[in-house]
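Colleague: Before I use this model, I would like to know what the terms rest on. Please take them one at a time.

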Amino acid sequence: MNADYRFSHKHILGLADLSAADIAFILRTADSFKEISQRNIKKVPTLRGRTVINLFFEPSTRTRLSFEVAAKRMSADTFNIGNSGSSTVKGETMVDTARNLAAMNPDCIIIRHARSGSARLLAEHIPASVINAGDGTHEHPSQGLLDLLTVQENKGRIEGLRVAIIGDISHSRVAHSNIIGFSKMGAEVRVSGPATLIPPGIEQLGATVCPTVREAVADADVVMALRIQHERQQDPLLPSLREYATFFGITPAVMAGAKADAIIMHPGPINRGVELDPALADGPRSVILDQVTNGVAVRMALLYLIMGGE
Amino acid sequence: MEARCLINGRLIDPRRGLDGLGGVWLEEGRIKAVFAGPAPAAIPAGVPRIDLGGRWLVPGLIDIHVHLREPGDEHKETIASGALAAAAGGFTAVACMPNTRPVNDCEAVTALIMARAQGAATRIYPVGAISRGSDGESLAPFGEMRRGGAVAVSDDGRPVGNSQLMRRALEYAGNHDLLVISHPEESSLSHHGAMNEGALATRLGLRGIPRVAEEIMVYRDLALAEYTGRPIHIAHVSTREAVDLIRRAKARGGRVTAETAPHYFTLTEEAVGDYDTRAKMNPPLRTADDLAAIRQGLADGTLDAIATDHAPHSALEKEVEFDLAANGIIGLETSVPLTLALVREGVISPARMIELLAANPARILGVSGGTLQEEAPADLTVIDPELSFTYQAETVVSKSRNSPFLGWDLQGRAVLTILAGRATFEAPGQTLWR
Ligand SMILES: [Zn+2]
């Protein structure tokens, strides 16, 4: 890496905004923070006195908890504002919310919202740093980064790998961030799934579309299954979950076409037996629990980098 | 009322075949004489001369597709404020779409609009709804709305989803000499869409509106018009295939007219950038290929008119997440400069521009104007094609500011607008009207 590289982002809104050098730097920083989580006292004073607000408009135990743990391990003060049980955000526009939060003078807002672009809208109206914890079907950058970190740890590299992402690409912000992230880092990304769930122009994000799951998975180093939502049957995008499982589910037979040492990933929560065979999800090739562990490290790195350590 | 004589203008009136030095003598709010070359000696010396110094002198411009928001959303625009914005853009007449609150679907609402239009800075031609409440279910009373002052019918803002209802509307409009205006959108394809479908929408995670949503409905409505033998007008054409469908229908002798808006020949979907809600409208901004086809359609006569689809919205509707933001942009004050850019680029001639902005709009709606006719009301526009200005929020005349062109350096504008012999607008810094 260039010796005079400096990380200069105030917000983390999407991997589309980050360069390959930025991503590599975040991954290295995250790697250095992993050690903290292994200590007996899992806490460093780095962000003491900083205020982090978790602003979650969509329910998400996993991501919210991961950010909260990350912030607490860095000694930041954290506050949770959620959809239910909170008087905030009721009938308030995002811009109103931003102005109200700004009055509390936070250093960082972590936002999860059902609308694409909401994190950017918040960032435009508040002096604090903003981390996008998932906005609609746009991006989920911290998930993309933790997936990159997980692959790098397991494979020793990202460049030159073949990554297959299978499932509902249209509605998956995780898929979008991963396609952008893996292709930026030099991996070859193939996607497959029901054609109704492959969005137009996904190639321009860096993916090759394969007509069958087997083609996408052929010789893959990494196979990622995406969560399929039950609602997709009504849209109508899917005939049934049974048909999905039969033709697009990741099974041992499908994995036979991947490299012998291919790893299996899933952003969770898993519909076992639908998009991923339970034996694979809990089997030796699964790195799904590594993803969870790395989530905390990556989020610690992001909080550290955008709020400055000093 | 006093008389005036506009001299030394570039007189452009395509319907009369005029494009050259000349002027107009106004008296009692009417056109007394139109002359080529210098003012005739017959004009008394006492009539004040206004030397246009070569600026364009054209029939008052007519915008056949605007949303004035009154009644119901007067915080966005009123008939009075919208007419002032129109005058500032060089227009002397506008046709206002019926999607007000309540919808203009009966004579009472049409009459209310006509009453509020008294004394407005432009003529106001109401467009009545095709269906009651524009709900697409049953026909609105065309005859009564016509009696109240409506010149056309449309459910604009929404498509008429039911093909049988559209067919009946075309048939029944014939009894009342009303034009049917189609808002072409197959909503089962466009539903929940926020921008043009494609790679950019995918990158932004926004639900797309595919081009076929427009093209299928353009085809259906052309087919219904041909089948019923009735004329139809296609609103806000935005795709290449829609232009081609209209071109083919015209070649077969179909009684079809069509309009596009300045944003469709000026901007592409790239203007959405990072969720800029000022670039959100319906139909959405499309691609460079569509833009080229729209320009071609304007040049070759496939598209008959430029209409702004002026759609005022307050910050409340626009300072929100992109897919929650209201559709539409204001356009009355930028139509002339954006169209002049096409003239400068050699896409259309000055005469064609006036056809698109005055002569054809009058012909499509079947209203007076669009040409300089002796004894007709003196509705005139003076355009300075060179005058440069920056389009700024502080100087916008409309009540709303939702324009993607704010901050643009524009060249050319209407500098003087005359309605029935009275100046309704003179651009800042101009001193022509004395
Ligand atoms: Zn419309």
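Modeller: Buried area is the accessible area (1.4 Å probe) that two parts lose on being put together, summed over both. This is a predicted model, in which local features need pLDDT of at least 70, side-chain atom pairs count only at pLDDT 80 or more, and totals for chains, interfaces and linings use all residues. Residues are numbered from 1 along each chain as written, chains are lettered from A in the order written, and side-chain values use heavy atoms, without hydrogens and water.

Colleague: What is the area buried between chain B and chain A?

Modeller: About 1500 Å², and carbon and sulfur atoms give 57% of that area. The contact (heavy atoms within 4.5 Å) takes 21 residues from chain A and 15 residues from chain B.

Colleague: What makes Asp323(B) and Arg115(A) a salt bridge?

Modeller: The term requires a side-chain nitrogen of Lys or Arg within 4 Å of a carboxyl oxygen of Asp or Glu. For Asp323(B) and Arg115(A) the closest N and O atoms are 3.6 Å apart, so the pair meets the 4 Å limit. The rule finds three salt bridges across the interface of chain B and chain A. On the side of chain B that touches chain A, six residues are nonpolar, three polar and six charged; here Ala, Val, Leu, Ile, Met, Phe, Trp, Tyr, Cys and Pro count as nonpolar, Asp, Glu, Lys and Arg as charged, and the others, Gly among them, as polar.

Colleague: How do you know that Asp221(A) and Lys259(A) tie together parts that are apart in sequence?

Modeller: Their side chains meet in a salt bridge, 3.0 Å from N to O. Asp221(A) lies in the loop between α7 and β8 of chain A, and Lys259(A) in the loop between α9 and β9 of chain A, so the pair joins parts 38 residues apart in sequence. Helices (H or I, at least four residues) and strands (E, at least two) are DSSP runs, numbered from the N terminus.
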